[in-house]
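Biologist: I would like to go through this structure feature by feature. Please give the general idea before each case.

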Amino acid sequence: MTAWKPLRRILAVTLFLPLLAVAAPPAPASKPAPAAARKPVQRPSRQYTMEQFMGTTEVTDPVFASDEKRVLFSSNATGIYNVASVPVAGGKPTALTHSKTDSVRLVGAFPRDNRFLFERDQGGNEQTHVFVRTPDGKEQDLTPLKKGVAHFIGFSQDESAFYVVTNERDEGAMDVYRHDAKTYARTLLFQNDKGFAVAGVAPDETWVVMNESLTTSDGNVWRYDVATKTLKNLTPHQGAASYRVADIDPVSGELYLLTDDGSEFTRVVRQSKETGKLEEVEKADWDIFATTFSRTGAWRVTALNVDGGTEVRLHDVKAGTQVALPQLPEGVVSDLVFARGEKRLAFLHEGDRSSPNLYVYDLTTKKATRLTNTMGKALDSEDLVESQVVRFKSFDGLEIPNLLFKPHQATAGKKAPALVWVHGGPGSQTRKGYVNFIQYLVNRGYVVLGINNRGSTGYGKAFHKADDQKHGKEPLLDVVEARKYLASLPYVDGSRVGIIGGSYGGYMVLAALTFHPDSFEAGVDAFGISNWLRTLKGMPPEWGAFRQAMFQEVGDPEKQEAMLKEISPLFHAERIKKPLLVIQGANDPRVPQAESDEIVAAVKKNGVPVEYLLLPDEGHGFKKKKNEVLVNERALEFFDRYLKPATAATPTP
């Protein structure tokens, strides 16, 4: 899900997680400093407008050009995502696409010339097509489907072709096509009759590897033999255990997997080419969530999910050693990608108070060069706030981790209102990193607690599974307890606490106001589920077998109708008595507009203040800056009205 910035970077990336594991995994780097090591700064904080915050540019998806003298990336500098490039030595970025209506996402650059591939949908409907742009500026849709979805999944090892998955044959299955890199002529490589999530193609194209989701915490990896057209389960196991593809060694062809089978935390294993058995490669006392190779396997980079931040390990494969990354300010590194020649590494670096910037690291000279300056020119990072990792014990004693943002101006003598910020999912995690909207709320005097309720990823297998078939119950009670934690802080006014969330987090907002109607004074729900029966039945068909995994996670709409009605706010909306703001994209394929339409209509019958913001040109999230400004300002105005009634009439300029 691409939502407003916080939903993408902190609240979560999706409602559910369509498991098309094809892009280079994000790999943030530095471990957050302990909260005790950071002394809170007590200083006046200049207040900024949302337009000033939105002066910040977002960059993502870096890829080296074929000559390795430039890096291509996606940027919303124009107000909507387009593709740009910048020299590796630094300089002014150059726009390469010029869309003014629908966001353009860079997905790949041709290794031998200056063409590149991008994906684009229509108004956020997620019916993406794959396009090629040639150096003369011409664009061609390589997947002109009348109906369906297409995604790029990578270039062949010999660079003569690239692979695309589409569901044009069967809306519930993503088949793999091989496209000739020169003519774009395609051939069917794998007909995906099981609806598994395609994860990669062998370097010699003799097999295709896929992820099968049995539940959100139990899954297998399957291999399809192209010659014999047979499928084999590579990871049969007893009990619930997660197996998924990490990468394929480009030299040996050995498959690297991520699994928590037999352990609390996810680790890296590989399938021996000789014996076929799984061998241990790398582990930690936190979940490893990604490991990937450079083009010839000279380097391998691993990302660990460490207490809301991420730690990166860079391995020199031939030497068998771990290599230090460049020293950077405190923050996280993401979107690491190696140059084809394996002498350079591009990545993004960000902190809570600094927006993501693009860097190139020379692996020979050990020099890192910053290529972008994305922070809004009007913003002073000293006025922004660093998060702190905090924990509280929930109703049953389970320890709940969170990220806490405290305004500079909040003191025991000047107590501030507060918000519980609920991430999406189910699963996912509130993580460290720069978020315009969170900083905007904190800058305007709100304490923000980004909760990682039970069921969140990043804290081991048991914590992640603790919400299965319990949605609207124990995880929701964690959110209610978060309000109590906030009220215990000496600088928080416990009588002025609201709740905000998007996607699954939006469901948690609606559920809190419905099933615990006295817990929060106001709530903002962005494209949240009000009726689980409808949302589960209507999951996008291209998710294939993952649909069944969600039935195991949340509930089966055919077999558990009574239970799903019990936890769906729409069927109990008469209990809602606190003010509510609902935000929805009209083209949302995951949480249809009816979910918001009906809960708004139902709450209005209660005589409760309810506001509705419908965005006609967005889907499951917000891709246009103008809409982010509208949504963020509307949410602040709403909370000011109900959590700052004394000052709502005289907003600070």
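Modeller: Start with burial: buried means under 20% relative accessible area, exposed over 50%, and partly exposed in between, with a 1.4 Å probe and protein chains only. By that rule F53, at 0% relative accessibility, is buried. Y440 is buried too, with a relative accessible area of 4%. The model is predicted: local features need pLDDT of at least 70, side-chain atom pairs count only at pLDDT 80 or more, and totals for chains, interfaces and linings use all residues. Residues are numbered from 1 along each chain as its sequence is written, and side-chain values use heavy atoms, with hydrogens and water left out.

Biologist: How many aromatic pairs does a search of the whole structure find?

Modeller: Rings of Phe, Tyr and Trp (its six-membered ring) pair if their centres lie within 6.5 Å; planes under 30 degrees apart count as stacked, over 60 as edge-to-face and the rest as tilted. The search gives 25 such pairs. In one of them, F53 and Y440 have ring centres 5.8 Å apart and planes at 65°, so this pair is edge-to-face.

Biologist: Which helices do F53 and Y440 lie in?

Modeller: Helices (H or I, at least four residues) and strands (E, at least two) are DSSP runs, numbered from the N terminus. F53 belongs to helix α2 (residues 50–53) and Y440 to helix α3 (residues 436–443), so the pair ties together parts 387 residues apart in sequence. Ring pairs also link F53 and Y440 with Y48, W421 and F437 into a cluster.

Biologist: What is the geometry of the pair Y504 and Y507?

Modeller: Their ring centres are 5.7 Å apart and their planes are at 40°, so the pair is tilted. Both residues lie in helix α6 (residues 504–515), 3 residues apart, about one turn of the helix. Y504 is buried at 2% relative accessible area, and Y507 is buried at 0%.

Biologist: Now the strands. Why is β30 described as largely enclosed?

Modeller: Strand β30 (residues 399–405) has 6 of its 7 residues buried, so the rest of the structure largely encloses it.

Biologist: Which strands does β30 pair with?

Modeller: Two strands pair if DSSP finds at least two bridges between them. Strand β29 (residues 388–393) runs antiparallel to β30 and is joined to it by 6 bridges; Q388 stands opposite L404. Their hairpin has 5 residues between the strands, and G397 takes a positive phi near 90°. Strand β32 (residues 447–451) is also antiparallel to β30, with 4 bridges, and G450 is the bridge partner of L403.
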